[in-house]
Every structure is written in structure tokens, then in C-alpha cells.
Amino acid sequence: MDRSRQTSFTAIAALFVLAFAGQALAEGAVARPAADPARGHALYQSRCAVCHGVHGDGKGPVASSLEPRPRDFTTGQYRIRSTPPGQPATGADLYRTISRGMNGTAMPAWSGLPSADRWALVDYLQSLSPRFAGDEPASIAIPPAPPVTSDAIARGRLVYERLTCNTCHGETGRGDGPAGAALKDTSGRPVRPYDMTTGRPKRGNAPEDVFVAVRAGIEGTPMPGFDGTVTDDDTWDLVRYVQSLARDASPPYAGQTEGTASVDVPVVAAATAAPDEAVARGAVVYGMFCFACHGVDGKGPIGANFVADPTRLAKSDEVLLKTIREGMTGTVGVMPPWGPVINEGQQRDVLAYIRASFGAPTAPP
Ligand code: HEC
Ligand code: HEC
Ligand code: HEC
């Protein structure tokens, strides 16, 4: 496989913004090291198999309670690609998704793992499908973004109609078009067209992200790729129109700087008696990494039920922080280790949130 293409990724990866209390982490993309699928396999078993399955087939123990379901890697089909329709994703595409997670889904951002580990995971995932045996295809070129103007947005509306985006995404972009309700993905699961009023596409909301989503399409779903069907100028107009539909849209959209992307998190209502800052920050961490198993209400469905079993939180901070860091295998299931994913401050914040929301607000003596 052609590793030299990774250099183009370095330019794309640049910076991404995490929702954590003003912290910005550099994504730290580096040249791809020599392939190490065996190392990737070991990492995969401890970090990913709980959702994606020990064989990479998407059938992990918690998979059936997640919507959308975790990806089945044996198909070699990826939603987030930078390549023309019909072409497989690049290694850099997978690296980027692993690093950034997917907006509004249970797929976490693994930016806390060392870069070499993330590449080893890419090697392992690619080894699961023969689609990655050949040379890597080139990514779709993204020409420089023209300025956002009301004319561009108006022209984009016409392109939206001409390309019949509205049949799936609806007249107002809410994902409620006439063809939208009955759509299924290639595994037969229902899939909803993106609701453009949220301003939170799965791959990120930089204008370049939306540009590539439209041109590459979303593999494994009915969303076609329009590469070759639409000019660069028309695509940019379309991007401006799509982004103008977000509820809080005002250029450069949802509080972002053009050219940077942000992956934000499901919002968990902070039902808290002690609304201090650590708890508020912890709510964001919980909404990003914990709610899929522990529930928005702390009652499961897959992780420990903090409310029904008070012994869970009747442990010292020290003990619980160690569990959060290192994970645990107990009577209920597997709790993944979060040490490589969230830093120590975030571990404390999320524990503060859990205590304030679901149990004894202070650690027992
Ligand atoms: C808590 C559950 C969970 C864990 C843990 C998890 N994932 Fe995912 N992952 C998901 C879900 C759910 C999706 C599918 C989201 C969608 O289709 O919108 C996904 C999708 C993906 C994708 C597919 C992106 C695409 O373009 O289709 C990749 C790659 C991926 N995960 C890699 C990993 C790796 C590597 C790990 C371990 C380091 C991991 N995941 C751990 C839930 C998880
Ligand atoms: C046949 C139905 C269909 C048509 C036509 C269609 N889409 Fe989609 N689109 C979808 C579905 C389904 C998804 C969600 C896929 C997912 O979440 O896995 C989607 C997702 C998207 C996304 C979100 C990408 C992301 O990162 O989450 C954007 C942006 C988008 N479509 C734009 C468009 C535009 C612009 C057009 C017209 C040029 C269009 N779509 C035409 C079905 C369609
Ligand atoms: C993939 C599912 C999953 C995710 C995601 C998850 N957990 Fe857990 N967690 C579990 C399971 C399962 C248990 C119970 C293990 C057992 O006792 O069988 C647990 C137990 C716990 C406990 C109780 C430990 C004890 O001693 O009883 C704490 C605290 C906890 N998790 C915190 C978190 C935090 C914080 C996050 C997010 C950073 C998180 N969990 C994310 C599955 C998960």
C-alpha cells in the first residue's frame, strides 16, 4: 500500500477542538509508521471489541443496545471516506475517524492514544477486509473555499433541488424528505438522513467536511456520492446552503473558525445538586464516553446501574478513579479502560458528575 499519501493527511488533520472546558488538543498526525497489525489486534481487543466484536464483525457485547450500531469492519465499508464513490477509504480516513470519533454516536474519539497505536489499529482494521489489498486511491481534491455570501447560499438552494437532496433530506433539511423515512443501510438497519438543522454531521462540521461528504457519499448507506456529477463551484454553493440551515448558523457556522472542525458530543442534562465547574465539565465527558453504557440517567442499560446499586459509588475516589483509568471486568460486563482516552482532570470531573448526579455527592470516609 502506498504510504507516501499520508503526507497529504498531515495537512488536513491540523487541529481539532474538543468540547472539554476550552481545552484544545493538537491531533498530532504523523507519518504512518511501518504496518503492525498484530499490535493493533491486541489494542483492538482491549479497547474496541466491547462494541465492534472480538472478530471485528460489529457484534460486540454492547452492540445491540447502540443506535447506530458499531461498524462491521469485515465488510471494508466506511461511512467516512475522502475517496470517490466506489473506492475504499484510505488509511488516513480511518486514522482520522479513530482520532476524532463520530458526532452524535457512541463512537468515542481516541485522541488520547499515542499516534503509533492509532496507526496500528488502522493496520488491524484494514487487515480484516480484502478491499484494502491494492494501492490506496487518491483523496478527492478540495479546492480553496470561496467566501460565504448570501448569493452563494441562494445558488446552493437551487443545486440542492437540482440534485434532489430534498427527496431524502426534506425541503427544510430536517431529514424528513418523502424517501427519508424508509431508508436502510447495507446491513438492513434503518438509517435516517442527516438533519441539517443540527449542524453536527458525523465527520465534523468544517466546510471541507461537508464538501467531502457530498462528493464522496456515505458508503454503506443510500446517500450517494456526487463526485463527477457536480462542479467544484456548485459543490461549494451547496455546502454554504447546507450549513446555513443549522439552527445557530452564522458564518463561519456554529462558532467555528473556517478550516477547523469540531466534533461535539451528545448533550446530557446535568441533573445536579452541586452545579460547580468540575461537575459541568464532567457532564460533557460523561455525554461523550459514558452515557452509551451507563445511560443518561445512570441506570444502565449496559454499564453499572449507579442508582439501583449504591455500593457502586460507596467507594473512595481513589478506588473509583483507578477503575475509570484501568477498566474492570465484573459481574455485569466489561468496563473499558479510559486512562488512554481522557486525562486525569477529566477522570476527576466525570467522577464528580457521576457522584453529583447519581449517588452520594461526596466520597464516603
Ligand atoms: C462504545 C462503543 C464503541 C467503542 C468502544 C468503539 N467504537 Fe468505533 N464505532 C462505534 C459506533 C456506534 C460506530 C458507528 C457509528 C455510525 O455508523 O454512525 C463506530 C464506527 C467506527 C468506525 C467506522 C467509521 C466509518 O467511517 O464508518 C471506525 C473506524 C471505528 N469505529 C473504530 C474504532 C476503534 C479503532 C475503536 C477502539 C480503539 C472503536 N471504534 C471503539 C462504537 C464504538
Ligand atoms: C437517497 C437518499 C439521500 C440523498 C438523495 C441524499 N442524501 Fe445525504 N444522507 C442520506 C443519509 C441516509 C445520510 C446519513 C448516513 C448516516 O448517518 O450514516 C445522509 C447524510 C448526509 C450528510 C451528513 C454527513 C455526515 O458526516 O454525517 C450530508 C452533509 C448530506 N447527507 C448532504 C446531502 C446533500 C447535499 C445531498 C444532495 C446533493 C444529499 N445529501 C442527498 C441520504 C441521502
Ligand atoms: C462499554 C460500556 C461502558 C462504558 C462506555 C463505560 N462503562 Fe463504566 N462500567 C461498565 C460496566 C459493564 C460496569 C460494571 C462492571 C461490573 O461490575 O460487572 C461499569 C462500572 C463502572 C463504575 C463502577 C465501578 C465499581 O467499582 O462498581 C464506574 C465508576 C464507571 N463504570 C465509570 C465509567 C465512566 C466514568 C465512564 C466514561 C468515561 C464509563 N464508565 C464508561 C461499562 C461501561
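In the predicted model, Pro207, Val210, Phe211, Val214 and Arg215 of helix H8 meet Thr235, Trp236, Leu238, Val239, Val242 and Gln243 of helix H9. Sorted by class, the residues of this contact comprise eight nonpolar, two polar and one charged. The two helix axes come within 9 Å and cross at roughly 115 degrees, and the crossing in which H8 passes H9 is right-handed.

Helix H9 is mostly covered, with 10 of its 13 residues buried. These run from Thr235, Trp236, Asp237, Leu238 and Val239 to Arg240, Tyr241, Val242, Gln243 and Ser244. The buried residues of H9 pack against helix H6, which comprises residues 150-162, and against H8.

In total, 25 residues surround ligand 2, and the closest are Cys165, Cys168, Pro201, Lys202 and Met223. The shell around ligand 2 divides into 18 nonpolar, four polar and three charged residues.

The protein as a whole has 365 residues, of which 42% are buried, and its secondary structure comprises 13 helices and five strands. Among contacts with a separation of 6 or more, 64% join residues 24 or more positions apart.

A further helix pair is formed by H12 (residues 317-326) and H13 (residues 344-358), which pack at an angle of about 115 degrees with their axes 10 Å apart. Here too the handedness is defined: H12 passes H13 in a right-handed crossing. On the H12 side the contact is made by Asp317, Leu320, Leu321, Ile324 and Arg325, and on the H13 side by Gln347, Arg348 and Leu351. Four of the residues in this contact are nonpolar, one is polar and three are charged.

Gln347 of H13, one of the residues in that contact, also lies 9.7 Å from Tyr286, C-alpha to C-alpha, although the two are 61 residues apart in sequence. Tyr286 is found in helix H10, which spans residues 277-289. Because 25 other C-beta atoms lie within 10 Å, Tyr286 is buried.

At least two residues of the shell around ligand 3 come from each of helix H11 (291-294), H12 and strand S5 (334-335). This ligand is surrounded by 25 residues, the closest being Cys290, Cys293, Gly330, Val332 and Met335. By class, the shell around ligand 3 holds 17 nonpolar, six polar and two charged residues.

Around ligand 1 there are 26 residues, of which Cys48, Cys51, Tyr78, Ile80 and Met107 come nearest. Helix H3 (49-52), helix H4 (91-100) and helix H5 (115-127) each provide at least two residues of the shell around ligand 1. The shell around ligand 1 is made up of 19 nonpolar, three polar and four charged residues.

The buried residues of H5 are Arg118, Trp119, Ala120, Leu121, Val122, Asp123, Tyr124, Leu125 and Gln126. The elements that cover these buried residues include helix H2 (37-47) and H4.

The loop between H5 and H6 contains Gly134. This glycine has 10 C-beta neighbours inside 10 Å and therefore counts as exposed. Gly134 and Pro88 are 46 residues apart along the chain, and their C-alpha atoms are separated by 9.9 Å.

Terms used:
Residues numbered from 1 in each chain as written. Chains lettered and ligands numbered in written order. Predicted model: local features only at pLDDT ≥ 70, side-chain atom pairs only at ≥ 80, totals over all residues. Axes fitted to C-alpha atoms, helices over the stretch in contact; angles between N-to-C directions. Helix = DSSP H or I, 4+ residues; strand = E, 2+ residues; numbered from the N terminus. Left-handed = near helix turned anticlockwise from the far one by under 90°. Contact = placed C-beta atoms within 7 Å. Nonpolar A, V, L, I, M, F, W, Y, C, P; charged D, E, K, R; others polar. Near = placed C-beta within 6 Å. Buried ≥ 20, exposed ≤ 12 C-beta atoms within 10 Å, placed from the backbone.
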